[in-house]
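Please examine the structure shown below. The report that follows takes up a surface patch, a helix and a set of aromatic rings.

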Amino acid sequence: MNLKLLKSKRVLKNFTQEGIAERLGITCKTYNRKELGITAFTINEVVLLAILLELNIKEINQIFFDNNLPNV
């Protein structure tokens with residue numbers, strides 16, 4: 001995971017960790033652990049983050065899949 005890119009996209013869109021956590025239906029502590037790479041994001045969380053942060057498929061691949069998705 002490219003956690004620096006995730007954080008930069010979140011900050012660029014003016015979201016706090018608390019704001020994202022609320023939209024994902026998780027606690028801020030849980031989101032923080034995910035953004036630090038301690039805990040993995042679920043696929044549903046990835047989808048919601050992609051929508052909230054307006055990520056394109058290339059950014060999703062870079063952030064969450066280490067550029068391992070084929071044909072992106």
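Predicted model: local features only at pLDDT ≥ 70, side-chain atom pairs only at ≥ 80, totals over all residues.

Residues are numbered from 1 along each chain as its sequence is written. Local features need pLDDT of at least 70 and side-chain atom pairs count only at pLDDT 80 or more, while totals for chains, interfaces and linings use all residues, and side-chain values use heavy atoms, without hydrogens and water.

## Helix 4

Valine 47 lies in helix 4, residues 43-52 (helices are DSSP runs of H or I with at least four residues, numbered from the N terminus). Because its relative accessibility is 44%, valine 47 counts as partly exposed (buried is under 20%, exposed over 50%, partly exposed in between, with a 1.4 Å probe and protein chains only).

The buried residues of helix 4 are Glu45, Val46, Leu49 and Ala50. Viewed down the helix axis, they fall within an arc of 135 degrees, so they line one face of helix 4 (the arc is taken from the directions from the axis to the C-beta atoms). The face turned away from this buried side carries the exposed residues Asn44 and Ile51.

## Aromatic pairs

The whole structure holds two aromatic pairs (ring centres of Phe, Tyr or the six-membered ring of Trp within 6.5 Å; planes under 30 degrees apart are stacked, over 60 edge-to-face, the rest tilted). Phenylalanine 41 and phenylalanine 64 form an edge-to-face pair, at 5.6 Å centre to centre and 85 degrees between the planes. Both phenylalanine 41 and phenylalanine 64 are buried, and ring pairs link Tyr31, Phe41 and Phe64 into a cluster.

Terms used
Helix = DSSP H or I, 4+ residues; strand = E, 2+ residues; numbered from the N terminus.
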